[in-house]
Amino acid sequence: MADLKNIVLVILASCLLAIAIAIGEEDMLLINYHIHITNDLPLLSPANDVPTLYLHCKSKDDDIGLKAMRVWDDYTWTFKVNVLRTTLFSCNARWTKGKQRHFDAFVASRDEERCQKYHNSCMWSVRSDGIYFSNNNSTWTNTYPW
């Protein structure tokens with residue numbers, strides 16, 4: 001009889017744990033994530049010409065569009081991660097020096113947790129030597145060199 005009680009308690013505890021996990025995952029699906037991509041390319045010498053950055057970002061379901069960005073422009077959008085946690089936004093960046101790079105701006109399995117650290121934001125900075133990532137707006141890593 002005591003064994004049956006223990007089995008019932010284990011099953012009940014397991015069910016409660018499963019419900020708590022499900023509620024936590026549901027809450028995760030309600031988070032709005034923000035992508036910020038800034039044109040931090042340097043002015044071109046000798047005439048201090050301003051380089052235009054062409055950025056086109058999209059997911060399987062949403063085309064955020066092509067944007068011609070001047071220096072310090074910010075390309076931003078907000079979204080929620082899908083139920084299967086397969087959300088992926090990729091971008092193609094090119095600028096007047098003939099440099100072009102495809103990069104993943106958000107991959108749910110990679111970014112869902114790390115981008116929660118700073119207001120649920122993934123921040124990218126396009127610079128002359130590559131595309132940098134930050135999840136705190138102070139430490140930047142060259143994640144995608146040209």
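What share of the 146 residues in the protein chain do buried residues make up? Buried residues (under 20% relative accessible area, with a 1.4 Å probe and protein chains only) make up 33% of the chain. This is a predicted model, in which local features need pLDDT of at least 70 and side-chain atom pairs count only at pLDDT 80 or more, while totals for chains, interfaces and linings use all residues. Residues are numbered from 1 along each chain as its sequence is written, and side-chain values use heavy atoms, with hydrogens and water left out.

**View 1. Overall chain.** The protein chain holds two helices and nine strands, taken as DSSP runs (helices H or I of at least four residues, strands E of at least two, numbered from the N terminus). From the N terminus on, their order is α-β-β-β-β-β-β-α-β-β-β.

View 2. I31 sits in the loop between α1 (2-29) and β1 (33-39), and it counts as buried because its relative accessibility is 17%. Leaving aside neighbours within four places in sequence, I31 is in contact (heavy atoms within 4.5 Å) with F79, K80, Q116 and N120. N120 is 89 residues from I31 in sequence, yet their C-alpha atoms are 7.7 Å apart in space.

How values were computed. Buried means under 20% relative accessible area, exposed over 50%, partly exposed in between (1.4 Å probe, protein chains only).
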